[in-house]
Amino acid sequence: MKSPFANHADRIAAFESSFIYPVVSSEFCGGRKVTDVLCDLAENGAKVVQLREKHQSDANLFALACACREITARYGMLLFIDDRLDIALACNADGVHLGQDDMPVASARKIAPEMIIGASTHNAAEIIAAQKDGCSYLNIGPIYPTQTKSVACGALGVDFFNELKKLVTVPFSVMGGIKERHIADLAALGARHIAMVTEVIAKPQLCRLQHINGKTVNNGK
């Protein structure tokens, strides 16, 4: 299944129009199928989704990624694959999200110039390096304590995030322990893309939130 987006510029424009950024993993779907969760998110207006699977075989991950590509293409959504540029390319995903221990951003950019390359960052040095290496967007986190990902730095907190964002010159998302009650405060601090795992899987209606003129409003019916 082909992507509904022609090139990097189209993908970035679509990403910039998103606010809630769901990250879906079978580990946190409560026994539901990833594809069923994704359909719920899509029906509730999600514009982007990241598939994050840390413990799947390559064959199973590829099959799941292809199934997610079919759903996201049908709904005109962006599909990003966590860590695995090879799987992202093979299933015609729109992007890959790379951690600090994954393929370097600059190398991924050379291989996939039209793909969105996201980068996880936790401090000033990583933000500066990711931007220098050509990331399309970066993620700052974890903002709050989280059980979905283990990082040595621990939770950054909103004050540190507020300082780090001053270094950012590309689109960025925030992630890590974010609950519905945190969304308005993060938006007020300048977050334009809120990445969420367990909260948005449990509450797909959060995808109806849109960011307009610096204010978070609910456009859902």
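1. Ser-136 and its surroundings. Setting aside residues up to four places away in sequence, Ser-136 touches His-8, Ile-12, Arg-109, Met-115, Ile-116, Ile-117, Val-170 and Pro-171; contact here means heavy atoms within 4.5 Å. Ser-136 is placed in the loop between helix 6 and strand 6. Helices (H or I, at least four residues) and strands (E, at least two) are DSSP runs, numbered from the N terminus. Ser-136 counts as buried because its relative accessibility is 4%; buried means under 20% relative accessible area, exposed over 50%, and partly exposed in between (1.4 Å probe, protein chains only). The side chain of Ser-136 also makes a polar contact with the side chain of Arg-109, at 2.6 Å. A polar contact is a pair of N or O atoms within 3.5 Å; within protein, one must be able to donate a hydrogen and the other to accept it, and residues adjacent in sequence count only if both atoms are side-chain atoms.

2. Basis of the model. This is a predicted model, in which local features need pLDDT of at least 70 and side-chain atom pairs count only at pLDDT 80 or more, while totals for chains, interfaces and linings use all residues. Residues are numbered from 1 along each chain as its sequence is written, and side-chain values use heavy atoms, with hydrogens and water left out.

3. Helix 6. Which residues of helix 6 (residues 124-132) are buried? They are Glu-126, Ile-127, Ala-130 and Gln-131. Seen down the axis of helix 6, these buried residues fall within an arc of 130°, so they line one face of the helix; the arc is that of the directions from the helix axis to the C-beta atoms. The face turned away from the buried side carries the exposed residues Ala-125 and Lys-132. The buried residues pack against helix 5, strand 5 (116-121), strand 6 (137-140) and helix 7 (158-164).

4. The two ends of helix 6. At its start, a side-chain oxygen of Asn-123 comes to within 3.2 Å of the backbone nitrogen of Ala-125. Just after helix 6, Gly-134 has a positive phi of about 95°.

5. Helix 2. In helix 2 (residues 34-43), the buried residues are Val-34, Thr-35, Val-37, Leu-38, Leu-41 and Ala-42. Around the axis they cover an arc of only 155°, which puts them on the same side of helix 2. Their packing partners are strand 1 (20-24), strand 2, helix 3 and helix 9 (198-202). Just after helix 2, Gly-45 takes a positive phi of about 95°.

6. Salt bridges. Side chains of opposite charge can pair when their charged atoms come close. How many salt bridges does a search of the whole structure find? The search finds ten, a salt bridge being a side-chain nitrogen of Lys or Arg within 4 Å of a carboxyl oxygen of Asp or Glu.

7. Asp-94 and Arg-11. Asp-94 forms a salt bridge with Arg-11, and the closest N and O atoms are 3.0 Å apart. This pair links distant parts of the chain, 83 residues apart: Asp-94 is in the loop between helix 4 (85-90) and strand 4 (95-98), and Arg-11 is in helix 1 (residues 8-16). Asp-94 is buried, with a relative accessible area of 0%, and Arg-11 is buried at 8% relative accessibility.

8. Asp-83 and Lys-54. The side chains of Asp-83 and Lys-54 meet in a salt bridge of 2.7 Å, N to O. Asp-83 lies in the loop between strand 3 (78-82) and helix 4, and Lys-54 in the loop between strand 2 (48-51) and helix 3 (58-75), so the pair ties together parts that are 29 residues apart in sequence. Asp-83 is partly exposed, with a relative accessible area of 21%; Lys-54 is partly exposed, with 43%.

9. Lys-203 and Glu-199. The side chains of Lys-203 and Glu-199 form a salt bridge (3.0 Å, N to O). Are these residues buried or partly exposed? Lys-203 counts as partly exposed at 25% relative accessibility, whereas Glu-199 is buried, with a relative accessible area of 11%.

10. Ser-17. Ser-17 lies in the loop between helix 1 and strand 1 and is partly exposed, with a relative accessible area of 35%. A polar atom of the Ser-17 side chain lies 2.7 Å from the backbone oxygen of Ala-14. Leaving aside neighbours within four places in sequence, Ser-17 is in contact with Lys-47 and Gln-210.
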